[in-house]
Amino acid sequence: MLALFYIFIAVAIGVSFWQITRILNFRTVIATDKDNDKQGKYFLWFTAFLYAMMIYCLIFMNVIMLPESASIEGEHDDNLFNITFILIGIVQFIMQFLLFYFAYKYRGKKENKALFYADSHKLEAIWTITPAVVLVVLIGYGLWQWNNIMDLSDAEDPLVVEVYSKQFIWEARYAGDDNSLGRGNVNYIEGANTMGVDMSDLNAQDDKKVSAIEPILYLPKGRKIVFKFRSQDVLHSAYMPHFRAQMNCVPGMVTEFGFTPKFTTDEMRLQSEVVEKTAVINKIRSEKGEDPYEFDYILLCNKICGASHYAMQMKIVVLEQEEFNKWYAEQPTLGEQLAVN
Amino acid sequence: MSDHHHKETFVTKYIFSQDHKMISKQFLITGIFMGVIGVFMSMLFRLQLAWPEKSFTIIEAFLGPHQSDGVMSPDIYLALVTIHGTIMVFFVLTAGLSGTFSNLLIPLQIGARDMASGFLNMVSYWLFFLSSIIMVISLFVEAGPASAGWTVYPPLSALPQAIPGSGTGMTLWLVSMAIFIASSLIGSLNYIVTIFNLRTKGMKMTRMPLTMWAFFITAIIGVVSFPVLLSASLLLLFDRSFGTSFFLSDIFIQGEVLHYQGGSPVLYEHLFWFLGHPEVYIVLLPALGITSEVIATNSRKPIFGYRAMIGSIMAIAFLSTIVWGHHMFVSGMNPFLGSVFTFTTLLIAIPSAVKAFNYITTLWKGNLQMNPAMLFSIGLVSTFVTGGLTGLVLGDSALDINVHDTYFVVAHFHLVMGVSAILGMFAGVYHWFPKMYGKMMNKTLGYWHFWLTMISAYGVFFPMHFIGLAGLPRRYYTNTNFPMFDDVADVNVVITLFAILGGVSQIIFLANFFISIYRGKAATQNPWNSNTLEWTTPVEHIHGNWPGKLPEVHRWAYDYSKVDENGEYIHGEDFVLQTVPLKDGEDPS
């Protein structure tokens, strides 16, 4: 069966080569005025195709894009993104138009003469300075926002959470009542101590680990979360797209990221973009006979980490502060958990 | 080097040739062979992405033990993605593009008999050939080829326990790359020395065609950055085989703590991207150089802003070596470094914009000859603009956080370096085919090839930006584990259909290429009425390029449609070979 398939492919390619030599005259090689005219017009048609596709994507694919930022810090990301996107959209429309329109307008004719026009310092100055000025704005806003996100030194009473990655599981632990995480190292991994926490460190005793049975990362709304990331085997990347958050998890090193959740999971489910997107997804799912989907925040792995990279995830649930505190108080400390074992 | 014919045997003429023209053909054929493999792999994994875990006879036929009943395994999916990237970036777009055209054009366009060292040039090709062979062999080792992504970040690439491809396959990958780098360095040094020393009388640096400038600067970036990848590869080889800890530390895998202490994967990332980013321009600049030449010739106009073009090539080259960190904004490096890299990265937009505007201005009021090479060059400018603009999102560290490693990145770099460079390479092949083989390619097939390629390139990569903005990570075997991505499934199908169309369309090119070598119309000496020196050599290749004396150059390469005050062509035609002396009172431009 397979041999037949190989033969079929070989024959198909062979026949197409043979047909091409038969049909085509390999003497027609240089563009004539007729070709120039035709191809010039095709460029105009292509412009129409390209514009149609761009507009279609911009309008109809809007619904598949991520909803508005669910973190306070991410608001400026969305702003900056919109500014940048509008800008590049405008430039894209103009540049493609000029390019293809000129290709059409100046398509060659025997009797035409091209204009000998080699240089214009004025024009060149314009298109050096204009992008430079625009870039100053983008760079300025971008860098301000970058510092805004990455500088975690001024966070007041943040909730410290360690996110721990390994092939192909996410784990997490909260810093406990002292809000300071106990040391961790792969040498301490043993039995139930899957995150390699050094239990001789006094800070470690009150740490609270996310349940392995129902791995959900609960976070309070409106409080700054400072994440510390570790990995025990290969590189992973903690990607929380709804919060505009991402940081690599690097073996042998602790990395950091922080944000403040802005909507609880329940509030986010009612947000109009989310409602719309969920409806689209559920229509697709019902056609395939699958269970309906309900919006949830998610932590996914975004750095290639092995065969099951595509399945590595953890659910995130954002609660109101009081609800979170209540839930948090009920959780056993790491000291209690490991003592039981 | 002399202009009389040596006695040549079959082996010295076709295999171990030291003639730059033959070596360039060897690079091109090897590049095309690797390109077929690379593109075919992308079609296989696109099938998996559009119809996850469906059975396909073609997958059963080609993936052998790495599939069951025609469904590809996740491991081999990652291997295909990895090898597709490696082959396309290094073997096709570095060696296949730069190797082919630098070799063909440098001696011909500057008026030299051959490269400075014909022997080293031959060594460069054969090292490339050897590395290609090793890379192809790695596809057939038992646990599969390297599969940690084309960037092969450790620890994944260092630990066979983490992914099967990090066994023998990865060792072969590193050996292949080390040999490849040696090939590339020897080639680049040769190009630089040749351009510096062997320019013919009158060929000042400022009279060289822009292709020469592009190849020259490309070779310099290659020499500056490739050695760093070599050291990264060697250190990784040491970590893997000899137990050193350059990139590894504190690892617990499969129930045991490994001995590695004190290394950092971030160090590897720095070393890799110190080459990796300049590599983008090693791929792109030759394509832009080719485009400059093709657009000027076929517009029958001088390239607009010759000096600005040289300046922007230099600016891009310089900036390209100090922006590598924009691949690492979320790697855990100091955020202050991120700020610096954002700044330098966005600066690249300025010289890039100058280049794009200058191409468009060159078209303005031209007399455009729509030869296939011209179409591909116009296509290149289009994809370069589309892909380049989204760089403003990715280069901005704050925005990169959320699109990093998503399909938005995949769409961006495929358009701006993949598609653009490959369109430039096609433009070069169509334009210089007469010089390489003494035959012409068929134009009708060229047109079909262009339009199908162009439509499918946009069909694949334009919608891909939006699935990236949906947050879909790259290198996922399937996204069916995430209901939130169910709505991108249809888009993936469309993308795959365009990818298949684009891949299959390349058969038109292959047919045109190989049939034309044998059945194409005999080329005339200067088929495109071009100004540059390569069109003053005889159609039939001779060793030493020019019979008799080397040509003397009297003007720059772009005196197209030069008219006197009465509006008549000064030299009677709309082109003037560089070898034609200035007339009395002619402005030397």
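Student: What is the mean pLDDT of chain B, and how many of its residues reach 70 or more?

Tutor: The mean is 93, and 99% of the residues of chain B reach 70 or more. The scale is the predictor's confidence in each residue, from 0 to 100. This is a predicted model: local features need pLDDT of at least 70 and side-chain atom pairs count only at pLDDT 80 or more, while totals for chains, interfaces and linings use all residues. Residues are numbered from 1 along each chain as its sequence is written, and chains are lettered from A and ligands numbered from 1 in the order in which they are written.

Student: Which scores does the predictor give the complex?

Tutor: An ipTM of 0.94 and a pTM of 0.95.

Student: What makes chain A more spread out than a compact globule?

Tutor: The radius of gyration is taken over C-alpha atoms, and the globule rule is 2.2 Å times the number of residues to the power 0.38. For the 341 residues of chain A the rule gives 20 Å, but the chain has 29 Å, well over that, so chain A is more spread out than a compact globule. Its C-alpha trace spans about 90 × 65 × 40 Å along the principal axes.

Student: How do you know whether chain B agrees with the rule?

Tutor: A compact globule with 589 residues would have a radius of gyration near 25 Å, and chain B has 24 Å, which agrees. The C-alpha atoms of chain B fill a box of roughly 85 × 50 × 50 Å along the principal axes.

Student: What share of each chain counts as buried?

Tutor: A residue is buried if 20 or more other C-beta atoms lie within 10 Å of its own, exposed if 12 or fewer, and partly exposed in between, with C-beta atoms placed from the backbone. By that criterion 64% of the 589 residues of chain B are buried, and 40% of the 341 residues in chain A.

Student: Why is B:D574 called partly exposed?

Tutor: B:D574 has 19 C-beta neighbours inside 10 Å, so it counts as partly exposed. The residue sits in the segment after α17 (489–519) of chain B. Helices (H or I, at least four residues) and strands (E, at least two) are DSSP runs, numbered from the N terminus.

Student: Which residues does B:D574 touch, not counting those up to four places away in sequence?

Tutor: Contact requires C-beta atoms, placed from the backbone, to lie within 7 Å. B:D574 touches A:A114, B:R300, B:Y560, B:S561 and B:Y569.

Student: Why is strand β1 of chain A described as largely enclosed?

Tutor: Eight of the eight residues of β1 (residues 159–166) are buried, so the strand is largely enclosed by the rest of the structure. Both faces are covered: A:L159, A:V161, A:V163 and A:S165 are buried on one side, and A:V160, A:E162, A:Y164 and A:K166 on the other.

Student: What makes β1(A) paired with β5(A) and with β2(A)?

Tutor: Two strands pair if DSSP finds at least two bridges between them. Seven bridges join β1(A) to the parallel strand β5 (residues 225–231), where A:E162 stands opposite A:K228. Six bridges join β1(A) to the antiparallel strand β2 (residues 169–174), and there A:K166 stands opposite A:I169. A hairpin through two residues joins β1(A) to β2(A).

Student: Which strands of the five-strand sheet in chain A are called edge strands?

Tutor: The sheet is open, with the order β4-β10-β9-β6-β7 (chain A) and mixed pairing. Strands β4 (216–220) and β7 (245–249) of chain A each pair on one side only, and these are the edge strands. Within the sheet, β9 (residues 297–301) and β10 (residues 313–319) of chain A pair in the antiparallel sense over four bridges. The bridge partner of A:L300 in β10(A) is A:Q313.

Student: Which residues touch the most other members of the largest nonpolar core?

Tutor: Such a core is a set of buried Ala, Val, Leu, Ile, Met, Phe, Trp, Tyr and Cys residues joined through C-beta atoms within 7 Å. Of the 283 residues in the largest one, B:L156 and B:F216 touch the most other members. Helix α4 (residues 74–110) of chain B gives the most to this core, with 22 residues. B:F216 touches B:Y191, B:I192 and B:I195, not counting residues up to four places away in sequence.

Definitions and conventions. Contact = placed C-beta atoms within 7 Å.
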